[in-house]
Amino acid sequence: MDATGSAEPQARAPRAVAKPPLWLLAELTYRCPLHCAFCSNPVDYTRYREELDTAEWIRVFREARAMGAVQLGFSGGEPLLRDDLPELVAAAHELGFYTNLITSGVGLTPQRAETLKRAGLDHIQLSFQDSSRELNDFLSSTKTFDLKQRVARTIKDLGYPMVLNCVMHRYNLPHVGRIIEMAEAMEADFLELANVQYYGWAWRNREMLMPSRDMLATAEAVVETHRPRLDGRMKILWVVPDYAEGKPKPCMAGWGSVFLVVAPDGVALPCHSARMLPGLDFPNVREHSIRSIWQESPAFGAYRGTGWMSSTCQSCDEKEKDHGGCRCQAFLLTGDAAATDPVCPKSPRHDEVEAMVKAAGDPRDLGTPIRFVPGARRAG
Ligand code: FES
């Protein structure tokens with residue numbers, strides 16, 4: 001046991017039989033034409049080049065569906081870089097999954113979108129970086145603002161609900177009203193304003209990306225002024241940043257609880273970021289069935305339930321609701337994935353998070369030069 005009351009995760013036995021995964025996220029590739037400052041790819045993603053082939057992915061879909069998974073997200077990187085995407089969508093559709101494409105829009109020509117629609121794709125989520133061409137293109141290190149507008153029209157023309165996603169941070173929070181108006185003009189049905197979470201490349205760039213509490217409060221107030229006007233036309237989801245909330249998020253609805261990620265090289269994970277956690281040997285779908293990965297692997301059992309929790313979390317009334325917060329965040333902030341998530345005020349390390357938020361960017365700093373580490377470069 002260490003100072004936080006945690007033990008080595010790999011040493012613990014898997015918990016009792018888990019309910020099946022409901023959500024399968026297929027990260028088809030880490031390759032991406034964009035290089036966003038908050039990219040969710042692992043920072044060492046170029047190490048993982050051996051992508052699963054078409055037949056391997058379809059076997060994964062079949063096994064996950066047989067266990068009871070109902071929703072399948074095609075993600076990346078940029079999933080449109082896979083030439084076999086229509087074949088994968090068709091297989092998933094045939095198996096009865098509700099399918100979702102999570103894309104930057106690069107490569108979604110009207111013809112490709114038609115093909116995916118015919119293959120049975122149910123839903124498309126298109127990412128934007130900002131309401132201005134300058135910031136959109138700067139944050140993604142590409143010139144894609146106009147292209148995204150065209151792709152949005154294509155999605156609408158095909159009759160899909162228009163779901164726009166914009167990662168929010170210190171540089172675009174002051175534009176939130178214009179982002180909402182842009183989404184409205186594009187006839188979006190849903191707008192997800194997802195405040196940046198600090199993992200991967202966003203962790204590297206957190207000092208540049210983190211907004212002050214004042215900026216967040218001002219932006220949230222703007223969102224609230226738009227909501228009544230848009231009621232019944234466009235739903236706005238405001239995803240709060242737990243650093244500033246002082247409340248741990250129930251990450252992934254609990255480790256190994258409903259969410260299964262399969263990385264491009266076949267490694268199975270309970271969340272996008274988990275492969276950086278030390279001491280966990282994440283199984284590969286090339287060597288193990290989905291059932292054995294989910295039910296039997298020590299890595300998926302490591303933080304299930306409440307038995308692994310520190311005494312701080314064990315004694316908390318919220319433990320069944322917030323599941324102890326986020327394991328990846330706890331590791332990044334403390335070096336121990338089993339520690340109480342430091343965004344929680346009960347954590348002995350909470351003052352460090354408070355200090356980070358207090359030191360975070362002020363609107364008056366926005367004139368200073370921005371020096372991000374650009375996110376994932378195209379592998380291969
Ligand atoms: Fe990995 Fe929260 S992102 S557990």
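Predicted model: local features only at pLDDT ≥ 70, side-chain atom pairs only at ≥ 80, totals over all residues.
Figure 1. Val176, Gly177, Ile180, Glu181 and Glu184 of α6 meet Ala219, Val222, Val223, His226, Arg229 and Leu230 of α9. By class, this contact of α6 with α9 comprises six nonpolar, two polar and three charged residues. Helix α6 spans residues 176-185, and its packing angle with α9 is about 30°, the axes lying 9 Å apart. Helix α6 is therefore roughly parallel to α9, an angle under 35 degrees being counted as such. The crossing of these two helices, α6 and α9, is right-handed.

**Figure 2. Helix α9 on strands β6 and β7.** Helix α9, formed by residues 213-230, lies across β6 (190-195) and β7.

**Figure 3. The open sheet of nine strands.** The strand order is β7-β6-β5-β4-β3-β2-β1-β8-β9, and the pairing is mixed. Strands of a sheet pair through backbone hydrogen bonds, in either the parallel or the antiparallel sense.

**Figure 4. Pairing of strands β2 and β3, with helix α2 packed on the sheet.** Strand β2 (residues 71-75) pairs with strand β3 (residues 98-103) in the parallel sense, over four bridges. Gln71 has Tyr98 in β3 as its bridge partner. Helix α2 packs on the sheet and touches both β2 and β3. The direction of α2 makes about 170° with that of β2.

**Figure 5. Contact between helices α1 and α2.** From α1, the residues Thr54, Trp57, Ile58, Phe61, Arg62 and Arg65 meet Glu87, Leu88, Ala91, Ala92 and Leu95 of α2. Seven nonpolar, one polar and three charged residues make up the contact of α1 with α2. Helix α1 covers residues 54-67 and helix α2 residues 85-95; they pack at an angle of about 20°, with 10 Å between their axes. The two helices, α1 and α2, are therefore roughly parallel to each other. Their crossing, that of α1 and α2, is right-handed.

**Figure 6. Buried residues of helix α4 and their cover.** In helix α4 (residues 133-140), the buried residues are Leu135, Asn136, Asp137, Leu139 and Ser140. The elements that cover these buried residues of α4 include β4 (123-128) and α5 (145-157). Helix α4 is followed by Ser141, which has a positive phi, near 55°.

Definitions and conventions:
Residues numbered from 1 in each chain as written. Heavy atoms only, no water. Axes fitted to C-alpha atoms, helices over the stretch in contact; angles between N-to-C directions. Parallel < 35°, antiparallel > 145°, perpendicular 65-115°, else oblique. Left-handed = near helix turned anticlockwise from the far one by under 90°. Contact = heavy atoms within 4.5 Å. Nonpolar A, V, L, I, M, F, W, Y, C, P; charged D, E, K, R; others polar. Buried < 20%, exposed > 50% of the residue type's maximum accessible area, 1.4 Å probe, protein only. Pairing = 2+ DSSP bridges.
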